[in-house]
Amino acid sequence: MFDVLQSVTGVGPKLAQAVLAVHSPDAVRTAVATEDVGALTLVPGVGKKGAQRLVLELKDKLGAGSGGTDGAVRVPGQSVGAWRDQLRAALSGLGWSGREVDEALAAVGPEAEAALAVGDTPDVAALLKTSLRLLSRA
């Protein structure tokens, strides 16, 4: 995955390493397959345009979850990033800054991905509660 990420225009070893520090290889495949730009923008140094470039250039290289259960189970229903969009809207609506929202999303991301890995839909209310607890400590 590290080498494939570096094949994207403008992505060097440092940025490829940052992507893999934030997301697992399976999460990167899923984000690309579902065109989840929001997930990719959680990586420090990747903005909206960079995330769109990653999706565009990696879509054909990674395929749509040819590894069996990875993309095939998650893609048909609700978008994988739907929980992220809902949580972002809720936290922004409560007055948290974009940077704080991004940090909270990164913190609860593994919990949501664990639910997705077993085929469940992430509980947005529980994720919101956890995010608010984390943000109130900061």
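Predicted model: local features only at pLDDT ≥ 70, side-chain atom pairs only at ≥ 80, totals over all residues.
Residues are numbered from 1 along each chain as its sequence is written, and side-chain values use heavy atoms, with hydrogens and water left out.

**The overall picture**

- The protein chain has nine helices and zero strands, where helices (H or I, at least four residues) and strands (E, at least two) are DSSP runs numbered from the N terminus.
- Of the 138 residues in the protein chain, 37% are buried, meaning under 20% relative accessible area with a 1.4 Å probe, protein chains only.
- Take the contacts in the protein chain with a separation of 6 or more: 59% of them come from residues 24 or more positions apart.

- H7 covers residues 82-93, and its 12 residues reach 16 Å from first C-alpha to last, close to the 16 Å expected at 1.5 Å a residue (the expected span is 1.5 Å times one less than the number of residues).
- Ala82, Trp83, Arg84, Leu87 and Leu91 are the buried residues of H7, and they pack against helix H4 (37-40), H8 and H9.
- H7 and H9 pack at about 45°, with their axes 10 Å apart; axes are lines fitted to C-alpha atoms, for helices over the stretch in contact, and angles run from 0 to 180 degrees between N-to-C directions.
- That angle makes H7 oblique to H9, since under 35 degrees counts as roughly parallel, over 145 as roughly antiparallel, 65 to 115 as roughly perpendicular and the rest as oblique.
- On the H7 side, Trp83, Gln86, Leu87, Ala90 and Leu91 meet Val124, Leu127, Leu128, Ser131, Leu132 and Leu135 in H9.
- By class, this contact of H7 with H9 has nine nonpolar, two polar and no charged residues.
- Just after H7, glycine 95 takes a positive phi of about 100°.

**Helix H8 against H9**

- H8 (residues 98-117) and H9 (residues 124-137) pack at about 130°, with axes 9 Å apart, which makes H8 oblique to H9.
- Glu100, Ala104, Ala107, Val108, Glu111 and Ala112 in H8 meet Leu127, Thr130, Ser131, Leu134 and Leu135 in H9.

**Helix H3**

- In H3 (residues 25-33), the buried residues are Ala27, Val28, Thr30, Ala31, Val32 and Ala33.
- Just after H3, glutamate 35 takes a positive phi of about 55°.

Note on methods
Contact = heavy atoms within 4.5 Å. Buried < 20%, exposed > 50% of the residue type's maximum accessible area, 1.4 Å probe, protein only. Nonpolar A, V, L, I, M, F, W, Y, C, P; charged D, E, K, R; others polar.
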